[in-house]
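Visitor: Could you take me through one part of this model up close? I'd like to look at the salt bridges.

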Amino acid sequence: KACRGSDGRPFPWGDTPPSEEQADFGQNPEEGGAVDIGNNGDGQSEYGCENIVGSVWEWTNTSHESVENNKVIRGGSWCDSPRYINCTSRLPVLTREKSDNLGFRCCKSI
């Protein structure tokens, strides 16, 4: 919900495909890297979450039914094409996997 908002939008900012002002994506894997949180000010979600798509794929606690010993990652990363930069992208990744385009988001109930 933090990404899709109350109306189930495809992108945190609404219905328009991502631009460089909204998300960090499409960089050369040999030269690029994740940007600091807040560098894409136009990409905030309805709830004020920043960089929730692009930048790094985010680990979830959800297991994927197709692969044993895995978790789901979501949201795309700085080196992915625009097709992965949305609220519904999800991929299975082995739990021992590590990469500079994988990360996590700390959150707290209020």
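Visitor: Let's zoom in on glutamate 46: is it buried, partly exposed or exposed?

Guide: Glutamate 46 is partly exposed, at a relative accessible area of 37% (buried is under 20%, exposed over 50%, partly exposed in between, with a 1.4 Å probe and protein chains only). Before going on, a word on the model: it's a predicted one, where local features need pLDDT of at least 70 and side-chain atom pairs count only at pLDDT 80 or more, while totals for chains, interfaces and linings use all residues. Residues are numbered from 1 along each chain as its sequence is written, and side-chain values use heavy atoms, with hydrogens and water left out.

Now, the partner of glutamate 46 is arginine 9: their side chains meet in a salt bridge at 3.7 Å, N to O (that is, a side-chain nitrogen of Lys or Arg within 4 Å of a carboxyl oxygen of Asp or Glu). This pair ties together distant parts of the chain, 37 residues apart, with both glutamate 46 and arginine 9 in the segment before β1 (57-59); strands here are DSSP runs of E, at least two residues, numbered from the N terminus.

Arginine 9 itself counts as buried, at 15% relative accessibility. Arginine 9 also bridges to aspartate 7, with the closest N and O atoms 2.9 Å apart, and aspartate 7 is exposed, at 53% relative accessible area. So what you've got is a salt-bridge network linking Asp7, Arg9 and Glu46. Searching the whole structure turns up 3 salt bridges, among them one between glutamate 58 and arginine 105, at 2.8 Å for the closest N and O atoms.

Methods: Helices (H or I, at least four residues) and strands (E, at least two) are DSSP runs, numbered from the N terminus.
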